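Subject: Structure handover

Hello,

Please find the structure below, together with its sequence. My notes on it come after.

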Amino acid sequence: MQAGELNRRILVQKRTQEQDSTGQVTEAWKDVGKFWAWIKTQSGMATTRQSVTQDGVAMSLNAYSFRIRYQPTITDDMRVVYGGMNFDIKHVRHDLAGHIWTDIVCEQGGSDG
């Protein structure tokens, strides 16, 4: 993987539960790490094929792939933050043979997830 391809900085977070001094449990997002990434979006045809129906209305998914250097600790219960937007991780592919890259496939999520 060429270093020049990794030209965007992303933040990966995981959801945690914390208990405060009163015993109240709250959920929060905790930073896992910042990584240099190569960001790819799907082509128009791929997006059309990925369209879904919600409540009888056709919607297309805003799917993105973030390729970073090999990080086996990243899982699909985390999220990516980039450019002030949150992306829900839907699938993670690790290069198990060469340990060179990890692909994080995401859909654009809500403002706080």
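This is a predicted model: local features need pLDDT of at least 70, side-chain atom pairs count only at pLDDT 80 or more; totals for chains, interfaces and linings use all residues.

Residues are numbered from 1 along each chain as its sequence is written, and side-chain values use heavy atoms, with hydrogens and water left out.

Whole chain

The protein chain has one helix and eight strands. Here helices (H or I, at least four residues) and strands (E, at least two) are DSSP runs, numbered from the N terminus. Along the sequence the order is β-β-α-β-β-β-β-β-β. Of the 113 residues in the protein chain, 29% are buried. Buried means under 20% relative accessible area, exposed means over 50%, and partly exposed lies in between (1.4 Å probe, protein chains only). The protein chain exposes about 7300 Å², and carbon and sulfur atoms supply 47% of that area. Accessible areas come from the Shrake-Rupley method with a 1.4 Å probe; for residues, only the protein chains shown count as cover. Among the contacts in the protein chain with a separation of 6 or more, 53% are between residues 24 or more positions apart. A contact means heavy atoms within 4.5 Å.

Barrel

Six strands form a closed barrel in the order β1-β2-β5-β8-β7-β6, with antiparallel pairing. From one strand to the next, the twist averages 45°. For this angle, axes are lines fitted to C-alpha atoms (for helices, over the stretch in contact), and angles run from 0 to 180 degrees between N-to-C directions. Two strands pair if DSSP finds at least two bridges between them.

- β5 and β8 are antiparallel and share seven bridges; Ala63 has Glu107 in β8 as its bridge partner.
- β7 and β8 are also antiparallel, with seven bridges, and His91 stands opposite Val105 in β8.
- β6 (residues 78-82) and β7 run antiparallel with four bridges; Arg79 has Asp88 in β7 as its bridge partner.

The hairpin of β6 and β7 has two residues between the strands, and Gly83 in the turn has a positive phi of about 60°. The hairpin of β7 and β8 has six residues between the strands. His99 sits in that loop, between β7 (85-94) and β8 (101-108). His99 is not a glycine, yet its phi is positive, near 55°. His99 counts as partly exposed because its relative accessibility is 46%.

In soluble globular proteins, nonpolar side chains tend to be buried together. The largest nonpolar core in this model has 14 residues, and those with the most contacts inside it are Ile10, Val12, Ile74, Val80, Ile89 and Ile104. Two or more residues each come from β1 (8-19), β2 (25-41), β5 (63-69), β6, β7 and β8. The largest share, three residues, is from β7. A nonpolar core is a set of buried Ala, Val, Leu, Ile, Met, Phe, Trp, Tyr and Cys residues joined through side-chain atoms within 4.5 Å.

Not counting residues up to four places away in sequence, Ile104 touches Val12, Tyr64, Ser65, Phe66, Ile68, Ile74, Val80, Ile89 and His91.

Asp103 is in strand β8. With a relative accessible area of 3%, Asp103 is buried. The Asp103 side chain makes a polar contact with the side chain of Arg67 at 2.7 Å. A polar contact is a pair of N or O atoms within 3.5 Å; within protein, one must be able to donate a hydrogen and the other to accept it, and residues adjacent in sequence count only if both atoms are side-chain atoms. Beyond its neighbours within four places in sequence, Asp103 is in contact with Ser65, Phe66, Arg67, His91, Val92 and Arg93.

Ser65 is in strand β5 and is buried, at 13% relative accessible area. With residues up to four places away in sequence left out, Ser65 touches Trp38, Ile39, Lys40, Asp103, Ile104 and Val105.

Lys40, in strand β2, is partly exposed at 31%. Under that exclusion of residues up to four places away, Lys40 touches Tyr64 and Ser65. Lys40 and Phe66 are 26 residues apart in sequence, and their C-alpha atoms are 6.5 Å apart in space.

Regards
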